[in-house]
Amino acid sequence: MTETVHSTRSERVGGSEGVGTSARRPDATLKVTGEFAYASDLWLEGMVWGVTLRSPHPSAWIRSIDVGPALRIPGVLAVLTHEDVPGEKFYGLDHKDQPVLAIDQVRHQGEPVALVAADHPETARRAAEAIVVGYEPRPAVTDPRASREYVRRQPVRKGDTFEAEVVVTGEYEVGMQDQAFLGPESGLAVPAEDGGVDLYVATQWLHVDRDQLAPCLGLPPEKVRLTLSGVGGAFGAREDLSMQVHACMLALRLNRPVKIVYGREESFFGHVHRHPARMRYEHGATRDGRLVYVKADILLDGGAYCSSSPAVVGNAASLGAGPYEVPNVWIDAAGVYTNNPPCGAMRGFGAVQACFAYESQMDRLAEACGLSPVEIRARNAVSQGSALATGQVIDSPAPLAGMLRELEAMPLPAARAEADLRALPGGVSQTTHGESVRRGVGYGVGLKNICFSEGFDDYSTARVRAELAGGVPRVTVHTAAAEVGQGLVTVQAQIARTELGIEEVRVATADTAVGSAGSSSASRQSYMTGGAVKAACEAVRERFKGLPPREALARFGPIEETREYRHRPTYPMDPVTGQGDSHTQLALCVHRAVVDVDTELGLVKVVELAAVQDVGRIMNPQALEGQIHGGTAQGLGLALMEEIQVREGRVLNPSFTDYLIPTMLDMPPMQLKILENPDPSAPYGLRGAGEPPTLSSTPAVVAAVRAATGLRLTRVPIRPEDIALSNHGEVSDGKRS
């Protein structure tokens, strides 16, 4: 159950399903009936199956590879190693450090070593197991504090006063979270008559995939054509390559279509994860709770390869003091290489880790100053005109103090019904009758950058065509923007209806036949591709010359325009001081969590979550609510259950049996209040909305558990033993706050 209040509901513009309406998703019926075609459903006559052999070791030399036993299995068509890579042997998002197939060593468990193609997927799997690899294991660097190889170091320095009347310190840790999308990595590579390849794939960034693939395949970019297939969730993990280059290599070698679909276990090894973090914070304030300084050391474990770690470090550094006015800042953020699984983009992108730490600190500071959690935050909240730790001035509405007051004023859930055991932690398992259950309330605030930052050439391209079809005006919108479940296809159609006043709008399948739209990440697509579609539609409308659409198209014929859209410039952070206008847009969300905790068993039930978020302009109310719910669920997961367990570089729980994600039984009722304070620099004044809820929900849930138990709880996810054993005095790190 959800109660939502839109404080300034957008006026409906354009057609019946234009901007501001809950326009129906074109894929909705197919998805709920199970008829939607995901990438794992791809099929083509004559296709064969590809499988990847992966290293069992986190660190080892490769002394030999014997593919003979695999080739002798009937039905096996090809076995490839690094020697068969037709072009460059390395690729990477930010830095080309990742081998297509391992050459002389492996740097993490699950690293691809060889490829097999066969006429049946089981045959391919058996053949991969038959390959004999001579490994010489070597010591693995698995503690990021022991690593001496840095991906990036980024300081932030402001002011020179680091003494205060009230000082609180804390050390915090965030575990490795997985994106846990339900649709595994999959795609179909089809060799083309021109010697190129067509790849149908579930991804987040078609053009960057192409630009990494082409050099490895030894082909010019125009001969590597990508088309988006049905995507079953992404959350950052599909920004990097997974099966793409392997399927294309096999298809080109065999001159036959090759399909690769990961199983669930392989999916855990086949994509990046959220960076684990170790953080030490020190906050200084006046006795009345005004922040004087923030010091922070943030260490992120990037795993074996670079991926997007440099940008993640930049986010953690620039947003590391949170959405608070702090005159003096000393932050050191770093990402390091280890032999743990590679880490990269995940919803929240470095800001999540820092948010857990700085919000935990704000609660400690509130206690030390004798203030409420809301008051300490409101007293230090940024607003329009405030400067961040990097010196960047917030130049659009940021009503954080008011958002906190509105959140605090929302009604709390009713007291627990003692007779209903289903409402208690443990639910229908009847682990308690309430004798050891305590209730707690906690708050969290998050600040997230929107769009790409630090001078990245962030743009999106849209092609819009208006024509008559059977005498009826019709619009086709074509972009390369990846629909990963967030509702982007729907929003593009809404914009076209609004700008052109034409009801019938089709959104073409995303592919590389049109210019880049950038990645479906950084909460940027409504802003960037929305901006591109709006600009292209405006150019088409201008050619109507003031005539109604039907009359204009009858007179002038089909009208097509293509436009690129760029946001205002950003700049790299200064490498010494961290100062600079590095971000395009900033977004705020605040959460309140109410929990019941069984202090004997360590079980937690989230009773209710409430959130206030400013989105600038509501494009699609229902889709927006879904984004806030989804982001909140992932934050709840990080707080209480989601962690890839890694021991000495080895993943212990690569399955949904042992890697736990929130289900509908774990998600409580939510109250939402959605504000609209337009950003004058953004299309329609909108503010990216998908990531901020992931930040603030985690510290809110943890704060509520702390309130219920009296424990410090400085690590997420919270494990039952962190509560139960601490309450029995059996561990030393569950200190009373």
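This passage describes the overall fold of a predicted protein model and then several of its local features. Local features were taken only where pLDDT is at least 70 and side-chain atom pairs only at pLDDT 80 or more, whereas totals for chains, interfaces and linings use all residues. Residues are numbered from 1 along each chain as its sequence is written, and side-chain values use heavy atoms, with hydrogens and water left out.

The protein chain contains 16 helices and 29 strands, defined as DSSP runs numbered from the N terminus (helices: H or I, at least four residues; strands: E, at least two). Along the principal axes, the C-alpha atoms fill a box of roughly 75 × 75 × 60 Å. Of the 737 residues, 62% are buried, where buried means under 20% relative accessible area, exposed over 50%, and partly exposed in between (1.4 Å probe, protein chains only).

The chain carries 72 positive and 89 negative side chains, and the centres of the two sets lie 2 Å apart. Lys and Arg count as positive and Asp and Glu as negative, with His and the chain ends not counted; each charge is placed at NZ of Lys, CZ of Arg, CG of Asp or CD of Glu.

Glu561 is located in strand β23 (residues 559-566) and counts as buried because its relative accessibility is 15%. Its side chain forms a polar contact of 3.0 Å with the side chain of Arg543 and another of 3.0 Å with that of Arg563. A polar contact is a pair of N or O atoms within 3.5 Å; within protein, one must be able to donate a hydrogen and the other to accept it, and residues adjacent in sequence count only if both atoms are side-chain atoms. Beyond four places in sequence, Glu561 touches Ala462, Arg463, Val464, Ala536, Ala539, Val540 and Arg543.

Gln492, in helix α11 (residues 488-500), is buried, with a relative accessible area of 2%. Its contacts outside four places in sequence are with Val477, Thr479, Ala481, Val507, Thr529 and Val533. The C-alpha atoms of Gln492 and Val19 are separated by 9.4 Å, although the two residues are 473 apart along the chain.

Helix α16 (residues 720-727) has Asp722, Ile723, Ala724 and Ser726 buried. The buried residues of this helix pack against β24 (585-598), β25 (603-614) and α15 (692-709). In the loop between β29 (715-716) and α16 lies Pro717, and the peptide bond from Val716 to Pro717 is cis, with omega near 0 degrees.

Two non-glycine residues with positive phi are also noted. Asn255 has a phi of about 55 degrees; it lies in the loop between α5 (244-254) and β15 (258-261) and is exposed, with a relative accessible area of 57%. Glu454, with phi near 55 degrees, is found in the loop between β19 (437-450) and β20 (459-469). Most residues other than glycine have a negative phi, and most peptide bonds are trans.

Conventions
Contact = heavy atoms within 4.5 Å.
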